[in-house]
Amino acid sequence: MCGIVGYVGHRQALDVVLGGLHRLEYRGYDSAGVAVLDGAGALRVQRKAGRLANLEAQLDADGRQSFAGTAGMGHTRWATHGPPVDRNSHPHRDAAETVAVVHNGIIENFAELRAELEADGVELTSDTDTETAAHLIARVYATGDTAGDLEASVRTVCRRLEGAFTLVVTHADVPDKVVAARRSSPLVVGVGEGEHFVASDVAAFIEHTREAVELGQDQVVVITREGYEVTDFMGEPAQGKPFTVDWDLSAAEKGGHEYFMLKEIEEQPDALANTLRGHFHNGRITLDEQRLADQDLRDIDKVFVVACGSAYHSGLVAKYAIEHWCRLPVEVELASEFRYRDPVLDRDTLVVAVSQSGETMDTLEAVRHAREQKARVLAVCNTNGAQIPRESDAVLYTHAGPEIGVASTKAFLAQIAANYLVGLALAQARGTKYPDEVAREFADLASTPAAVQKTLATAAQVRALGREIADSKAVLFLGRHVGYPVALEGALKLKELAYMHAEGFAAGELKHGPIALIEQDLPVVVVMPSPKGRAVLHSKLVSNISEIQARGARTIVIAEEGDDAVRPYADSLIEIPATSTLLQPLVATVPLQILAAEIARSRGYDIDKPRNLAKSVTVE
Ligand code: F6R
C-alpha cells in the first residue's frame with residue numbers, strides 16, 4: 001500500500017522520482033505527489049488526486065523547469081485516512097511549508113497526536129494521519145537538542161509514533177539529504193555512483209542500480225549524494241543488509257505487452273522453473289533459509305497455512321499434497337481470521353505463511369501470533385528480505401520475479417509449486433516418503449513449466465470466449481478436490497478485474513443451495529478432474545454438469561485433453577494438458593486468468609490496476 005521513493009544525486013530528482021513512481025504505482029493509485037528541493041532553500045511540491053498521469057499533466061502545466069533540483073521524493077497513494085482528493089495527497093507539509101513527508105502505513109495514535117497539535121494551535125489541512133508527522137518533525141526540528149538536525153528530529157518523532165510506517169522526509173533547510181525511517185513497512189536503499197535512493201521496493205530504482213540495502217525494523221537512514229548512514233530510533237549506529245537485485249529492468253517493464261498482467265501470465269513457465277531451480281540437490285529438497293533443526297521438522301504434528309486472497313487459495317491446494325505426502329493434518333486459514341479465534345498452537349505446530357509481497361499485514365500479524373505461541377513459522381515469499389520472511393524460522397522464496405499487475409498470476413502458480421516443495425521437504429524430514437519417491441514427485445513438478453507453456457496456447461480460444469460472455473451478469477466456477485481452490489481463484493480473478501459477480505463452489509455443494517442461482521445462459525465454468533486420475537470424481541462432476549445444463553446454464557468446461565466423456569456436456573470446451581492429480585491446478589488456473597483478463601478488457605477496465613485495490617496490503 002502506497003509507493004514511496006526518495007532521491008539525492010546528480011540527476012534531476014523530478015525525473016528519477018517520477019520514473020520510480022511509475023514502477024511503484026501498482027502499490028496504490030488513488031493519488032500521487034512529489035517534492036523537490038531546489039538547493040536554494042525552496043521546497044517545491046505538487047500533488048494530485050487520481051493516477052500518476054494526472055500529476056504529470058499538472059507538472060507540465062506548472063512547467064517542469066520550476067521543479068529543478070537534485071534531491072526529492074514522491075508518493076503514490078492507496079487511501080486509508082480521508083478520501084482520495086488533492087488535499088489528502090502526499091507529500092504533506094508543516095504550516096511553514098519547510099518540511100515535507102510521504103508515508104506508507106498507518107500511524108495508529110494519530111488521533112491523539114492530532115488533538116495535541118490542534119491544542120497547540122496547529123491548523124491541519126488534511127484528513128490524513130501523515131500530516132501529523134510533518135507538523136511534529138517541524139516542531140522538533142525548530143527547538144531543543146534536535147534543533148537543525150533533521151535525522152535526530154525524525155528519530156524523536158518516530159519514537160512517538162505507533163503503528164506501521166515508512167516515512168521519507170525532506171526539509172527546505174537541508175537540500176542535500178533525504179531522511180527515511182521504517183517500522184513494519186518496507187524500505188530499501190539503492191546505492192548508486194554519486195547517487196542514492198530510498199524506496200518501498202527496488203523496482204523504483206532498478207533502472208539506475210541493482211545494489212540495494214534492506215533496512216531493519218525501527219531504523220532511520222540518511223541518504224546523500226556520497227553515501228548513506230543507518231541508525232536505530234535511538235540514534236545508535238545500525239546496519240542494513242546489502243544485497244544485489246537478481247533481476248533487471250526488463251522484468252519490471254511491459255516488454256511490448258498491453259498490460260503487465262498479460263506479460264506475467266506468459267511468464268508463468270519461467271516463474272515455475274525459477275522457483276523449483278536449486279531446491280533439489282544431491283537427492284534432497286532444500287529450503288532457502290532454515291533456522292530450524294531437522295529434528296524440529298520431524299516433531300511437527302500439525303500444519304497451518306495462513307495467507308490472504310490468491311495466496312490463501314495456493315494454501316488450499318497445498319493441503320491436498322501435504323496431507324497426502326506427510327500424513328499430517330493441515331488447516332488452511334485466512335490470515336485475517338487466524339489470530340482472532342485462538343488457534344491451538346505449540347512448538348510442534350508448523351505455520352506456513354504464504355505471501356507474494358511478504359508485507360501483507362494480516363499475514364504478518366498471523367506470523368507474530370504464531371511465534372508468540374511458540375509455533376515454528378515457515379515463509380513462502382516472493383520478495384527477498386521482506387518482513388514476513390525476516391520474522392520466520394525458515395524461508396522458501398518463489399522466484400517469480402517482480403509481479404506488477406495487481407492481480408496475482410505468476411506469483412500464485414509459483415506459490416503452489418513452493419508449497420509443494422515445503423510438503424516434500426516435510427515428507428523427506430519425517431520419512432513419510434522414500435528418497436526415490438521424493439525425487440519422482442520433484443521430477444513431476446519439474447515437468448510443469450512445459451505443461452503451462454502448452455496451456456498458454458489456449459489463449460486465443462479463451463479470449464474469444466471471454467468476449468462472448470463479457471456482458472453476463474455473473475459467472476459461477478465449479479471444481480472438486482484440487483479443482484475447488486482453482487474455481488475459487490477463477491472467481492476471485494473475475495471479481496477483482498472485471499467487477500463481475502463471480503462465485504466459486506465445490507461442485508458437490510451445488511445441490512445444497514447454489515444450484516438455485518442457475519438460470520438461462522448463466523456461464524458456469526467447470527474445472528474437471530482427470531478421467532483417469534480421479535475417475536470417481538470425474539463421473540460425479542459429469543453428472544453435476546448435466547444437471548446445470550438441464551437448467552439452462554452455459555457450460556464452459558476446462559478438461560484434460562482427450563476427455564471425451566465430458567464433451568457432450570460442454571457448450572465450450574477448453575483442453576489442458578494431462579498432469580498428475582496434484583499438479584492440475586498449475587495448468588487449470590491459466591485459462592481462468594486469461595478469461596478474467598479478457599472480460600475485464602472487453603469491459604474497458606485497466607486490468608493492471610483494478611479499482612479500489614493495491615498490490616500490497618499493509619493495513620489490517
Ligand atoms: C488477488 C491478489 C490478492 C493477494 C493477497 C495476498 O489477485 O493478488 O488476493 O493474493 O492480497 O497478497 P500477498 O501474497 O502479497 O500476501
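Analyst: Let's start at the end of a helix: Gly431, whose phi is positive, near 75°, follows helix H13. Helices here are DSSP runs of H or I with at least four residues, strands are runs of E with at least two, and both are numbered from the N terminus. This is a predicted model, in which local features need pLDDT of at least 70 and side-chain atom pairs count only at pLDDT 80 or more, while totals for chains, interfaces and linings use all residues. Residues are numbered from 1 along each chain as its sequence is written, and side-chain values use heavy atoms, leaving out hydrogens and water.

H13 covers residues 410-430. Its 21 residues should span 30 Å at 1.5 Å a residue, and because its end C-alpha atoms are 30 Å apart, the two values agree. The expected span is 1.5 Å times one less than the number of residues. H13 is mostly covered, with 20 of its 21 residues buried; buried means under 20% relative accessible area, exposed over 50%, and partly exposed in between, using a 1.4 Å probe and protein chains only.

What does H13 lie across? It lies across strands E18, E20, E21 and E22, running at about 160° to E20. Such angles run from 0 to 180 degrees between N-to-C directions, with axes fitted to C-alpha atoms, for helices over the stretch in contact. Contact means heavy atoms within 4.5 Å. Helix H11 (residues 361-372) lies across E18 (302-307), E20 (349-355) and E21, at about 165° to E20.

Now for the sheet itself. Six strands form an open sheet in the order E17-E22-E21-E20-E18-E19, with mixed pairing. At its edges are E17 (289-290) and E19 (330-334), each pairing on one side only. Two strands count as paired if DSSP finds at least two bridges between them. E21 (residues 376-381) and E22 (residues 394-397) run parallel and are joined by four bridges, and Cys381 stands opposite Tyr397 in E22.

Pro343 sits in the loop between helix H10 (335-338) and E20, and it is buried, with a relative accessible area of 3%. Leaving aside neighbours within four places in sequence, Pro343 is in contact with Phe304, Phe338 and His369.
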